[in-house]
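Keep the viewer open while you read.

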Amino acid sequence: MTESNGAIPQEGTTPGGGSGTDDTTMPGWEKRFRAPRVSLPDWAEDAPHRSLFVSNATGTYELYAWDRETGHQRQVTDRPNGTTDGVVSPDGAWIWWFDDKDGDEFGIWRRQPFAGAGRATAAPDEPAAPGLDASYPAGLALGRDGRTAIVGRSTDEDGSTIHVSRTGEDPVEIYRHRESAGVGDLSHDGSLIAIEHTEHGDAMHSAVRVLRIDGSKVAELNDTEGGTAELGLEVLGFAPVDGDTRLLVGHQRRGHWEPMVWDVASGEETDLALAGQLEGDLSAEWYPDGSALLVVNSYEARSELWRFDLSTRRLERVDTPKGTVSGATARPDGSVEYLWSSAAEPPVVRSTSGGVVLDPPGMRAPESVPVEDVWVTGPGGRIHALVQRPAGADGPLPTVFDIHGGPTWHDSDSFAAGPAAWVDHGYAVVRVNYRGSTGYGREWTDALKHRVGLIELEDIAAVREWAVSSGLADPDRLILTGGSWGGYLTLLGLGMQPEAWALGIAAVPVADYVTAYHDEMEALKAMDRTLLGGTPEEVPERFEASSPLTYVDAVKAPVYISAGVNDPRCPIQQVENYVTRLAGRDAVHEVYRYDAGHGSLVVDERIKQVRLELEFAERHLGR
């Protein structure tokens, strides 16, 4: 095991983000964005010395290849708006990456040899699946034969399609449906394909189908039928052994996510009964020899790793520090590599065999302050909130309610440069895992159906009341902010709770729900139909009740909005509709539009956005 790899190539740039800024004069909050980061390396199944990871070493997040035997690393992609979607083939021969246009998420898969030249001399990458037109990606699985790929696609015209693509042959379509579906995994011998689908119309709860390579059906597992509640399933992966028909599947049958083993040939389901030993949501992947599972246990905004031996059914903890493991993988030698951080400590890729796996050069991100756990009684149950405050500061403080996106996501005890920037500037930061958040059970996640946005705001309001009554927050200096779904809740909250907030800052938000629905990608249309119970034409009253545009005339606080002009998730026109309404009544507002999609992968651009937000707050709120 290599404990520290040395350097990441940074062609034509300076270490630590490529800006050339003097580290000694740079503020700490900016250093957290510029400091080089790396993702957990993905490794080739049959050539485990060949890995692929993401880094911002050049100032833009791009893909990097790493040969662990030689220690050589090279930059794989180099695009103005960055690249993060990539995979190394099981034989280690090829790197596949998704090529979209300026963050619009609509494009094709391309590939280049793993042992290719540096980007300055490399030939243009070739289309990896010739014959397939541009689309939104819907999963990818590569075969060990080096010539077979299972490609999932989504378009507004065709819905979801899945294709078998073989080198030198025309692609063959093996699946098509209007509702959302995607590739889960390909069996070790390349004969079986597991897909997740929502043909039943509930985009929040997938079923699992297994097909042969010719598209014929082998088996089906569907927990949305025959019960009092619709339950979801997820594909976690086939056993990594030739001829083994066991599929690891995540299920919600006991109210939380947990894994089970399903033999798709015999139909036998093996209950691992892990929920009786561990609290919270559980996910898992196979150890490379198929004898054990690496279990990730997420509970109350933190996570731990465990090894579960399938023969003895023994559960053994894998030692990691308190905080959040945002990715983990078991290596062929039995060691585990994992990406870990906490709210106070920056992310690092470590191995249980000892040491740091990837250690990029350049400046180090300054630490921040630890997070405090707060539990607040709300209308739907106990709400978990995470609080950070400047070291040694006493309230009441100017306070930022930083609302996470998703909505099916959660804030955790992990390193986040955005909240840390607010803390550096004297603000307390409160993050709320409202109903709809993951990690607190199925009922908590599913609670926001039909009363979309309204449920979340009730929980945010309850935590706001705690923040003020506890003496933490100054009620006259409260900022509501967030990105994506958090940006949506920010605009909705400013209109529905106009007296509660002194300022609003929304990034890539849903602002006009009806227009957003008609303009967004098909997979998100399906999610909105699930959340709201139909289309805007079928349930207009629900879309109206949940749309920020409905309440825009009640907004009193100054509003700052940033939006990507190529965003397929929260499209620009619906933001413009909201801004036009603000301008029509001379409401105090500012808008920043940038040339990217649903957020930016360029470090300079991200720093610019945070600086604009901080300056907007300073002008209108002061400290």
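## Helix 10 and what covers it

In helix 10, the buried residues are Val603, Glu605, Ile607, Gln609, Val610, Glu613, Leu614, Phe616 and Ala617. Buried here means under 20% relative accessible area, with exposed being over 50% and partly exposed in between (1.4 Å probe, protein chains only). Helices (H or I, at least four residues) and strands (E, at least two) are DSSP runs, numbered from the N terminus. The cover over those buried residues includes helix 1 (28-34), helix 2 (417-424), strand 33 (473-483), strand 34 (503-507), strand 35 and strand 36.

How far apart are the end C-alpha atoms of helix 10? They are 26 Å apart, which agrees with the 26 Å that its 18 residues (603-620) should span at 1.5 Å a residue. The expected span is 1.5 Å times one less than the number of residues. Just after helix 10 comes Gly622, with a positive phi of about 70°.

A word on the source: this is a predicted model, where local features need pLDDT of at least 70 and side-chain atom pairs count only at pLDDT 80 or more, while totals for chains, interfaces and linings use all residues. Residues are numbered from 1 along each chain as its sequence is written, and side-chain values use heavy atoms, with hydrogens and water left out.

## A β-α-β unit

Strand 35, helix 9 (residues 572-584) and strand 36 make a right-handed β-α-β unit. Right-handed means that, with the strands pointing away from the viewer, the path from the first strand over the helix to the second runs clockwise.

Strand 35 (residues 559-564) and strand 36 (residues 589-594) run parallel and pair over six bridges. Pairing takes at least two bridges found by DSSP between two strands.

## The cores and helix 4

Now for the nonpolar cores, meaning sets of buried Ala, Val, Leu, Ile, Met, Phe, Trp, Tyr and Cys residues joined through side-chain atoms within 4.5 Å. The largest one has 63 residues, and Phe401, Ile460, Tyr513 and Tyr578 have the most contacts inside it. Helix 4 (residues 454-469) gives this core its largest share, seven residues. Apart from it lies another core, of 26 residues, including Trp29, Val369, Ala507 and Leu621. In soluble globular proteins, nonpolar side chains tend to be buried together.

What does Phe401 touch, leaving aside its neighbours within four places in sequence? Its contacts (heavy atoms within 4.5 Å) are Val430, Val432, Ile460, Val463, Arg464, Ala467, Leu478, Ile479, Leu480, Thr481 and Trp501.

Back on helix 4, Leu454, Ile455, Glu456, Leu457, Asp459, Ile460, Ala462, Val463, Arg464 and Ala467 are buried. This helix has 16 residues and reaches 23 Å from its first C-alpha to its last, close to the expected 22 Å. Gly471 follows helix 4 and has a positive phi, near 90°.

Seven of the eight residues of strand 11 (residues 159-166) are buried, so call it mostly covered. Strand 10 (residues 148-155) pairs with strand 11 in the antiparallel sense over eight bridges, and Thr155 stands opposite Gly159. These two strands form a hairpin with three residues between them.

Strand 11 also pairs with strand 12 (residues 172-177), again antiparallel, over five bridges. Val164 faces Val172 in strand 12. This hairpin has five residues between its strands, and Gly168 in the turn has a positive phi of about 85°.

Four bridges join strand 15 (residues 207-212) to strand 16, and Val208 stands opposite Leu221.

Another open sheet of four strands has the order 17-18-19-20, also antiparallel. Here the edges are strand 17 (233-238) and strand 20 (269-271). Strand 19 (residues 258-263) pairs with strand 20 over three bridges, with Val261 opposite Thr270.
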